[in-house]
Every structure is written in C-alpha cells, then in structure tokens.
Amino acid sequence: MSDRICVGAIAGAYGVQGEVRLKSFTADPEAIADYVPLTDEDGTRSFEVQIVRPIKSGFAARLSEVRTKEDADALKGVRLFAPRDRLPALPDDEFYHADLIGLAVHDTGGALLGHVAAVHNHGATDLLELRLPGSSRTVLLPFTHAAVPTVDLTAGRIVADPPEGLME
C-alpha cells in the first residue's frame, strides 16, 4: 500500500488571477483542503490549497506559489496527493482506490480472472477495470457486493463472482 493517496487533480486555470480548477476525489469534496499540504505525484512540489468557490465539476482554488494564469495552466493534469496517515480510517467495506489497483482478481473457484488496472466511477457505482491475463484486453467489473464478495488487502487478492457473460 502506498503511503500517499491521490485526493484530487488540477484541471487547468480558472480565470486570469492564478486560480485553478480543482477536482476533488475525497468523499466530502471540500475536505480536500483539510489534508494540506498536498504534493504532486513524485513529491517534489508541495501546495497549500484554499478553496475559493464551487464551480461546475469542482472548485476554483488558490494554490501556494501559483500567481498567474500561466502558472495555473502549467499545472493542468497534475494529480495531488496527501499522506495516508492524514486521511480518515475507512470502514471494513470501503477501500482507497490506490489499494485496489494491482490486486489479483480470482473467481470463486480460484481461477485468475486478471488484475485491477484502474477503478472508475461514472455515477452509479465504482467499476474495477480488470486487465485479463496474457492480454491487453480489459473488462469492467461492477464493484458491488454481489460481483465482488471478498477483498483481502492483506493477501493482495479479490474474489469475484462476475455477472454472466462478462468474461467471455
């Protein structure tokens, strides 16, 4: 498990005063500001975050060291990370996406179905993107209790009961 968790991303500049469009990946979107300072993916840059106002698909925010539209535009696509120890502990049936990526996924009979390549959410529920063994092909598995009855982070594996026809 990683010692840092991705909690947001910069979607570009907002206006001409150095504000950024900030997408929050936290359960309470405004809580992203509670985990500062946030760092970029490799940890070389650190940012204090001040949410200015809600906007469509996120927030207008000010970041330390970002003063101009050009500075903000240069950060487009930068993912923001917080130390795991600053984030809340999760109940037994909830997981940070970062902890699921890379886990082996087996069916209820023990056969390897693939590995989690990504976790997506398009509104209804989370979807596990599984990379099939020996292939570049992927499938999307609903991350529901019915389709994924067991997640064992300690063993590094997921037991899945995919819907009929999904793996064909």
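**Strand pairing and selected residues**

User: Which residue in β13 stands opposite Ala104?

Analyst: Opposite Ala104 stands a residue of β13, in a predicted model whose local features need pLDDT of at least 70 and whose side-chain atom pairs count only at pLDDT 80 or more, while totals for chains, interfaces and linings use all residues. Residues are numbered from 1 along each chain as its sequence is written, and side-chain values use heavy atoms, with hydrogens and water left out. Strand β8 (residues 104–107) and strand β13 (residues 157–160) pair in the parallel sense over four bridges, pairing being assigned if DSSP finds at least two bridges between two strands.

User: Which residue in the turn of the hairpin formed by β8 and β9 has a positive phi?

Analyst: β8 also pairs with strand β9 (residues 112–121), here in the antiparallel sense and over three bridges, and His106 stands opposite Leu112 in β9. Four residues lie between the two strands of this hairpin. The turn residue with a positive phi, of about 100°, is Gly110.

User: How many helices and strands does the protein chain have?

Analyst: Helices (H or I, at least four residues) and strands (E, at least two) are DSSP runs, numbered from the N terminus. The C-alpha trace of the protein chain spans about 55 × 30 × 25 Å along its principal axes, and of its 168 residues 38% count as buried, that is, under 20% relative accessible area with a 1.4 Å probe and protein chains only, exposed being over 50% and partly exposed in between. The count of secondary-structure elements for this chain is two helices and 13 strands.

User: Is Glu19 buried or exposed?

Analyst: Glu19 lies in strand β2, and its side chain makes a polar contact of 3.1 Å with the side chain of Arg53, such a contact being a pair of N or O atoms within 3.5 Å in which, within protein, one must be able to donate a hydrogen and the other to accept it, with residues adjacent in sequence counting only if both atoms are side-chain atoms. Not counting residues up to four places away in sequence, Glu19 touches several residues, among them Tyr14, Val52 and Ala72, where contact means heavy atoms within 4.5 Å. Because its relative accessibility is 8%, Glu19 counts as buried.

User: Which residue has its backbone oxygen 2.8 Å from a polar atom of the side chain of Ser24?

Analyst: Ser24 is placed in strand β2 (residues 19–24) and, because its relative accessibility is 18%, counts as buried. The side chains of Ser24 and Thr26 are joined by a polar contact of 2.9 Å, and the residues that Ser24 touches, not counting those up to four places away in sequence, include Val7, Ile32 and Phe59. The backbone oxygen lying 2.8 Å from a polar atom of the Ser24 side chain belongs to Pro29.

User: What distance separates the C-alpha atoms of Lys56 and Arg21?

Analyst: Lys56 is found in the loop between β5 (49–55) and β6 (58–63), and because its relative accessibility is 75%, Lys56 counts as exposed. Along the chain, Lys56 and Arg21 are 35 residues apart, whereas the separation of their C-alpha atoms is 9.2 Å.

User: What is the relative accessible area of Leu90?

Analyst: Leu90 is in the loop between β7 (79–83) and α2 (97–100), where, not counting residues up to four places away in sequence, Leu90 touches Phe95 and Tyr96. Leu90 is partly exposed because its relative accessible area is 32%.
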